[in-house]
Amino acid sequence: AGSEAITTQTIGDGVFLRRATIDIIGRIPTVAEIDEFEKAGEDRRAKLVEKLLAHPRFADRWTIFMADMLRIRSDVEGGNQLLAYIHGSLTTGKPYDKMARELIAASGRANSNPAVGFILGDDAHPMELAAATAQVFLGVRMGCAMCHDHPFDDWEQRDFYDLAAFFGK
């Protein structure tokens, strides 16, 4: 087989501005923001990203996203505390890997350690936590391995139960 050349295309500044603004703060840029971006100089893209990460909408937008991913429910023990923890972590710029470790390894009570809300959301059920953790933090669905080896991936029941053992009571 012959090798094909991989080509890359750099997107224009206008497209970058629109995509970055929508991705980071969840809305299209205003006319004033477009004007400011156009006048920002050669490192305008880096300046834009820094500005958007400091924008008040950043933490709000990504808290909603994380709440969906983590299946945060305000009607369960620790749900509201977990939501506040996620928002605070995003506001202060906590690294994602640190936040993930804190959520997965949380222990204690929601009032003293709000990250424990992730575990309490599934009533500390090891099987549900293993399936959710694999999907949210590893990007794979291995919940079907609870009952049988995965038909398409390399996940086996043993892999699932090894992960679930981490959350065992």
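Biologist: How many aromatic pairs does a search of the whole structure find?

Modeller: The search finds 5 aromatic pairs. Rings of Phe, Tyr and Trp (its six-membered ring) pair if their centres lie within 6.5 Å; planes under 30 degrees apart are stacked, over 60 edge-to-face, and the rest tilted. Keep in mind that this is a predicted model, where local features need pLDDT of at least 70 and side-chain atom pairs pLDDT 80 or more, while totals for chains, interfaces and linings use all residues. Residues are numbered from 1 along each chain as its sequence is written, and side-chain values use heavy atoms, without hydrogens and water.

Biologist: Are the rings of Y96 and F137 stacked or tilted?

Modeller: Their centres are 6.4 Å apart and their planes at 40 degrees, so the pair is tilted. Y96 belongs to helix α6 and F137 to helix α8, so the pair ties together parts 41 residues apart in sequence. Helices here are DSSP runs (H or I, at least four residues), numbered from the N terminus.

Biologist: And is F137 buried or exposed?

Modeller: Buried means under 20% relative accessible area, exposed over 50%, and partly exposed in between (1.4 Å probe, protein chains only). F137 has 18%, so F137 is buried. Y96, at 44%, counts as partly exposed.

Biologist: Which aromatic pair do F118 and F137 form, edge-to-face or stacked?

Modeller: That pair is edge-to-face, with 5.8 Å centre to centre and 85 degrees between the planes. F118 sits in helix α7 and F137 in helix α8, so parts 19 residues apart in sequence are tied together. Ring pairs link Y96, F118 and F137 into a cluster.

Biologist: How should I read a nonpolar core?

Modeller: In soluble globular proteins, nonpolar side chains tend to be buried together. A nonpolar core is a set of buried Ala, Val, Leu, Ile, Met, Phe, Trp, Tyr and Cys residues joined through side-chain atoms within 4.5 Å. The largest one here has 31 residues, and L70, I86, L103 and F118 have the most contacts inside it. Another core, of 7 residues, lies apart from it and includes A130 and M142.

Biologist: Which residues does L70 touch?

Modeller: Contact means heavy atoms within 4.5 Å. Leaving out residues up to four places away in sequence, L70 touches I86, L103, F118, V136 and F137.

Terms used:
Helix = DSSP H or I, 4+ residues; strand = E, 2+ residues; numbered from the N terminus.
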